[in-house]
Amino acid sequence: MNQLIAKNINVWYGDNHALQDVSMIIDPFQVTALIGPSGCGKSTFLRLFNRMNDYIENFRMEGEILINDINIYDPVVNTEELRKKVGMVFQKPNPFPSSIYENVAFGMRIQGMNKKSELDEVVETSLKKAVLWDEVKDSLKKPAFSLSGGQQQRLCIARTLAVEPEVILMDEPASALDPISTSKLENLIFELKKSYTIVIVTHNMQQAGRISDKTAFFYMGKLIEYDTTKRMFLKPAHLQTQNYITGRFG
């Protein structure tokens with residue numbers, strides 16, 4: 001089902017109370033956008049779903065994060081297995097210093113798949129899902145860094161898809177891209193939601209309006225409003241949300 005549930009989440013970095021009593025249900029096979037000013041807690045919230053905050057010094061959390069009714073912060077949960085099911089695409093493209101082919105095959109090799117025919121199939125399928133295959137099929141041995149920024153970001157998405165995740169987290173994936181590459185990425189996200197649950201952090205209100213089914217507005221560590229994107233953007237329920245969407249947020 002791939003439903004994500006946050007229950008009474010509080011997060012601290014040392015004495016900084018970064019998230020305050022946040023609860024939310026994220027529906028499967030939809031795009032959920034997290035918006036709000038810088039430092040409001042939206043990226044912290046996003047990283048809870050694959051436990052990336054665990055690497056941050058003085059991180060502490062109270063509450064529950066459930067994926068398919070399993071509390072992923074239970075000590076028995078294997079974080080490596082979790083991150084196979086909950087993939088992440090970062091703000092800046094981060095391909096490995098290897099070939100296009102090896103970037104996509106990397107996760108499968110880690111899992112023990114070394115048969116070339118099987119790897120070839122996974123690489124092709126993943127690149128097709130990321131709408132990159134036709135652009136790189138004749139240059140798979142070339143370095144990933146030879147690709148444009150937009151292509152590198154789609155390569156990173158293909159690398160994520162190769163290990164068959166259920167959920168994809170995206171932290172401002174288009175912020176470093178030009179308008180044409182951004183458009184291609186948004187079209188890709190629209191297609192991917194047919195098979196994956198997607199949560200995206202974005203500062204771009206127009207982007208949230210174009211691609212998301214639901215939008216959550218964060219402010220000063222609190223979840224201020226959460227609704228369908230259509231209702232949120234047409235008639236925000238809170239003054240803070242309305243000011244942010246209309247560009248008057250101080």
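## Overall fold

In this predicted model, the secondary structure of the protein comes to ten helices and ten strands, where helices (H or I, at least four residues) and strands (E, at least two) are DSSP runs numbered from the N terminus. The radius of gyration, taken over C-alpha atoms, is 18 Å, close to the 18 Å that the globule rule (2.2 Å times the number of residues to the power 0.38) gives for 250 residues, so the protein is as compact as a globular protein of that length.

Along its principal axes, the C-alpha trace spans about 55 × 45 × 30 Å. Of the 250 residues, 52% count as buried, that is, under 20% relative accessible area with a 1.4 Å probe and protein chains only.

## The largest pocket

Two or more lining residues come from each of α2 (79-85), β6 (86-89), α3 (100-110) and α6 (149-162).

## Basis of the values

Residues are numbered from 1 along each chain as its sequence is written, and side-chain values use heavy atoms, with hydrogens and water left out. Local features need pLDDT of at least 70 and side-chain atom pairs count only at pLDDT 80 or more, whereas totals for chains, interfaces and linings use all residues.

Key:
Buried means under 20% relative accessible area, exposed over 50%, partly exposed in between (1.4 Å probe, protein chains only).
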